[in-house]
There are 2 protein chains.
Amino acid sequence: MNEISSPLSRAEAEALDQADPLATVRQAFHLPEGLIYLDGHSLGPATFAALARVRQSAEAEWSHGLIRSWNDAGWIDLPARVGGRIARLIGAQRAEVIVCDSVSVNLFKLASAALDLTGARTLLVEESEFPTDQYIAEGLARMTGARLVRVRDGAALAALRDERSVLLKSVVNYRSAEVTDIAAHEDAALESGGAVVWDLSHATGVLELNLSEAGARFATGCSYKFLNGGPGAPAFVYVRSDVTDEVGSPLSGWMGHAAPFAFEPTYEPQQGVGRFATGTPPIISLSALDAALEVFEHLDLALAAAKARRLGDMVVAAARRLGLACISPLDAAQRGGHVSLTHPDGYAVVQALIAEGVIVDFRAPDVMRFGLAPLYLRFVDVWNALAQLEAILVSRAWDRPRFKRRAAVT
Amino acid sequence: MNEISSPLSRAEAEALDQADPLATVRQAFHLPEGLIYLDGHSLGPATFAALARVRQSAEAEWSHGLIRSWNDAGWIDLPARVGGRIARLIGAQRAEVIVCDSVSVNLFKLASAALDLTGARTLLVEESEFPTDQYIAEGLARMTGARLVRVRDGAALAALRDERSVLLKSVVNYRSAEVTDIAAHEDAALESGGAVVWDLSHATGVLELNLSEAGARFATGCSYKFLNGGPGAPAFVYVRSDVTDEVGSPLSGWMGHAAPFAFEPTYEPQQGVGRFATGTPPIISLSALDAALEVFEHLDLALAAAKARRLGDMVVAAARRLGLACISPLDAAQRGGHVSLTHPDGYAVVQALIAEGVIVDFRAPDVMRFGLAPLYLRFVDVWNALAQLEAILVSRAWDRPRFKRRAAVT
């Protein structure tokens, strides 16, 4: 096993913060006092810019501008403009990305397009894939008559090579945070004539992604995790430019039409990825996302990814010290922006942490996820959070009825 | 032709305002000074409650509450709760409506469900149907192998009776504002074993709808027109309770799962209309909608519909006086909440009106739409707008190059 580098004292953590080239980025975020937020892999916090933009889009653009804001405030261009901002973060050209709908809806569109493009009749998912990816594959299989094959974790690569099929796969697994080799899967897909639809939800904004270089053709991802777009902010669609005009969206709504305001009776898709847009986008949520992306505009993602790895190593080191099982890769190079530990009473431990102002999340049945968003977390924050975890475990503070009552969303 | 009742002077219009039982509802709206807004059929204005709620959802719930707001602020319940508010406005039970996605996406889900339920292999649309309804039918036909049949306006009723098919139809036509007889179409569909998917976009909030009584099984509609939910606010889905558990959504995303946070590998739909939810909803936009619906909570929709008809009659009377063709039904009982007039230079006339602070909209090639939202428009507003229209036509003020330059969104 690799050596895990982790500060050995709070003073060492503070020294890392002093040397951190990203330290000032934290100022862009509105972070509640007295809280250590290790849940940015689930819902990123607000930036001041996003909050200001929400107010502007509601109070100036909607309330004062009214219908005129479609032109005057540029609402009509937002899906492509925000897509263009995301493009740099995933290693795509600006014109290859559009923001629309949710990840679930976009997975359906892209997997359908990939089946059409390749002529494949098999949909593949791995057993540990995020549920909505599995469910959408199920729905699409039912509708198209394609066969849905669930393979065990890591087996998709061989399955893709063996049979022409369309794989839905997360680049970072939502539980383990394991990172997948995009290029290897694309190569395997090319061998059989299949394709992959990538889910970048847990990867975007915390890893250096280069879809172009890896040969990826289809991807979607959500924008409310490491991109901090706000709760339920719309997702994005990437389709490689040489493929777009060969494929279409089965959800051929008017916003994907070549001339939406010509009100023509028949559907004529836009050139480019814009054809994957569907209906009218939720402008206020989309505007928040646009502003949230400002912190990424000149950011060196390599620095962000490196910091996330170091913060993650601190959690891995603590797990070892505390005797907790870690289901994430110990090698930081194989890991996304979160680290998952297990504990038989994980739910209660998480509740006890939250009660102490350390927010992490829980995934049934026993997974505690620690999100290491590098733009606003300090080394000392993670140090303090882990000290709190240790105190809770040592004192068994989690073993109280009030920490065991389940909430609707866990 | 029926007698059109319209005030004959500004003083008469003012008297109608004084007697208007809805006059005080206007106070709930933030309306820009010096503007007469006759475009509420396209994008409704903001209420003070909606603006306050946007701020609350961004600044308190997202920024301070962070991930905890899924439980603590009730985000997880919003789609069903807001759906329940809309239910009363369309004559449905609270549990029959959920808010999710856009109208385009929902039309796809519902038409697919209706094909499955009925075994029909034909999709029907009328030629004058709103473009996205036609485009979605095209996409669904392509995907399922169903036959898409476009029939001329008004011919769907007979076509439905003749052949088992699924019709996508607006209750209020977006151009003409003509109202359709829901019950008659449902009866025709039952005769052949087909079904209708209703698009309530231009109808909800301005007509007394009673889907239950009319026997409607499937409907969707947008929430940013007469419901004033904000730009691109999410749409709603209605499925009659006795049908829901027999049908499924092809977009089987995790938010429609019986236990979304159990993270089960296979899809198990929720009981009831919740199964038509897909991905994570845009919470800030959805929260604005929730608050916007407060003005409807104790509103007598019969009064609102009656006022919209009287305001519409004023436009019809003016059209007759000014020699403009009216493509909306002259009989107010057959008309939704807008009136459409045509003019060969309609685009320029609309721009000239906007320049004078009267906002109406234009639909290619020559249609000027006047929206008569009854909750915030006064009779005197419509009087003044029509006086402005008359002045522009008499002086040919629209005949200037600057009024003829097309914007991206018309």
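Which side chain does a polar contact of 2.7 Å join to that of Asp101(B)?

1. The partner is Lys109(B), joined to Asp101(B) through their side chains. Please keep in mind that this is a predicted model. Asp101(B) sits in the loop that runs between strand 2 (97–99) and helix 5 of chain B. With a relative accessible area of 17%, Asp101(B) is buried. Leaving aside residues up to four places away in sequence, Asp101(B) touches Val105(A) from the other chain, along with Asn106(B), Lys109(B), Pro234(B), Ala235(B) and Thr278(B).

2. Next, the interface. Chain B and chain A bury about 7000 Å² between them, and 69% of this is on carbon and sulfur atoms. On the chain B side, Trp62(B), Tyr135(B) and Phe263(B) lose the most area to chain A, together 12% of what that side buries. The contact takes 81 residues from chain B and 81 residues from chain A.

3. As for polar links across the interface, there are 31 residue pairs in polar contact between chain B and chain A. Several elements give two or more residues to the chain B side, including helix 2 (48–65) and helix 5 (103–118). Helix 6 of chain B supplies the largest share, eleven residues. By residue type, that side divides into 45 nonpolar, 26 polar and ten charged.

4. The count of salt bridges between chain B and chain A is two. One of the pairs to look at is Arg55(A) with Glu59(B), whose side chains meet at 2.7 Å, N to O. Over all chains, the count comes to 44 salt bridges.

5. In chain A, Glu138(A) and Arg142(A) form a salt bridge at 3.8 Å, and they lie four residues apart in helix 6, about one turn. Glu138(A) is buried at 16% relative accessibility, whereas Arg142(A) is exposed at 52%. In chain B, Glu138(B) and Arg142(B) form a salt bridge at 3.7 Å. Here Glu138(B) is buried at 16%, while Arg142(B) is exposed at 54%.

6. Two further items in chain A deserve a glance. Arg147(A) and Glu163(A) form a salt bridge, with their closest N and O atoms 2.7 Å apart. This pair links distant parts of the chain, 16 residues apart, with Arg147(A) in strand 4 and Glu163(A) in the loop between helix 7 and strand 5. Finally, a network of salt bridges links Arg53(A), Arg81(A), Arg85(A), Asp290(A) and Glu297(A).

Terms used:
Residues are numbered from 1 along each chain as its sequence is written. Chains are lettered from A and ligands numbered from 1 in the order in which they are written. This is a predicted model: local features need pLDDT of at least 70, side-chain atom pairs count only at pLDDT 80 or more; totals for chains, interfaces and linings use all residues. Side-chain values use heavy atoms; hydrogens and water are left out. Contact means heavy atoms within 4.5 Å. Buried area is the accessible area (1.4 Å probe) that two parts lose on being put together, summed over both. A salt bridge is a side-chain nitrogen of Lys or Arg within 4 Å of a carboxyl oxygen of Asp or Glu. A polar contact is a pair of N or O atoms within 3.5 Å; within protein, one must be able to donate a hydrogen and the other to accept it, and residues adjacent in sequence count only if both atoms are side-chain atoms. Ala, Val, Leu, Ile, Met, Phe, Trp, Tyr, Cys and Pro count as nonpolar, Asp, Glu, Lys and Arg as charged, and the others, Gly among them, as polar. Buried means under 20% relative accessible area, exposed over 50%, partly exposed in between (1.4 Å probe, protein chains only).
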